[in-house]
Amino acid sequence: MRRNPHKQPSSALRRRRQQLLRQLPPLDCLLRGSLIERYKPCGKTGCKFAHGPGHGPKYYLSTSYPGRRPQTDYVPQDSRRQVTEALDHYHRFRELVEEICEINGELLRRRESW
């Protein structure tokens with residue numbers, strides 16, 4: 001639950017910041033991007049996937065960085081869970097860092113030490 005830092009005492013902000021720091025995911029388990037699920041259409045007339053979504057699902061990691069072309073990499077089925085977890089860690093990391101920055105900004109506005 002995100003709290004409004006403007007209405008809290010400085011001591012509560014520092015405690016909250018410490019709580020957030022303890023919640024950070026392991027930094028070696030972060031992965032940026034999106035996991036895409038795809039089905040490949042089948043052209044074989046006798047195949048059970050000729051009519052329907054196709055073969056799959058196959059998973060791909062889509063990643064884009066400023067100034068670079070988007071990149072898509074195949075994710076083997078046995079790596080999907082690990083990739084999903086690393087993507088979740090990245091999103092959680094960003095949320096926590098944003099809240100920490102809000103707290104630090106409020107302490108700065110109050111002209112208090114961080």
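The following questions and answers cover the nonpolar cores and salt bridges of a predicted model. Local features need pLDDT of at least 70, side-chain atom pairs count only at pLDDT 80 or more, and totals for chains, interfaces and linings use all residues. Residues are numbered from 1 along each chain as its sequence is written, and side-chain values use heavy atoms, with hydrogens and water left out.

Student: Which residues does Leu 96 touch, not counting residues up to four places away in sequence?

Tutor: Leu 96 is one of the six residues of the largest core. Contact means heavy atoms within 4.5 Å. With that sequence exclusion, Leu 96 touches Leu 20, Gln 23, Leu 24 and Pro 25.

Student: How many salt bridges does a search of the whole structure find?

Tutor: A salt bridge is a side-chain nitrogen of Lys or Arg within 4 Å of a carboxyl oxygen of Asp or Glu. One of them pairs Arg 14 with Glu 112, with the closest N and O atoms 3.4 Å apart. Arg 14 is in helix α1 and Glu 112 in the segment after α2, 98 residues apart. The search of the whole structure finds five.

Student: Are Glu 99 and Arg 16 buried or exposed?

Tutor: Glu 99 and Arg 16 form a salt bridge, the closest N and O atoms being 2.9 Å apart. Glu 99 lies in helix α2 and Arg 16 in helix α1, so the pair ties together parts that are 83 residues apart in sequence. Both residues are buried.

Student: Which residues do salt bridges that share partners join into one network?

Tutor: Arg 110 forms a salt bridge with Glu 106, with the closest N and O atoms 2.8 Å apart. Arg 110 counts as partly exposed at 23% relative accessibility, and Glu 106 counts as buried at 7%. Salt bridges with shared partners make one network of Glu 106, Arg 109 and Arg 110.

Key. A nonpolar core is a set of buried Ala, Val, Leu, Ile, Met, Phe, Trp, Tyr and Cys residues joined through side-chain atoms within 4.5 Å. Buried means under 20% relative accessible area, exposed over 50%, partly exposed in between (1.4 Å probe, protein chains only). Helices (H or I, at least four residues) and strands (E, at least two) are DSSP runs, numbered from the N terminus.
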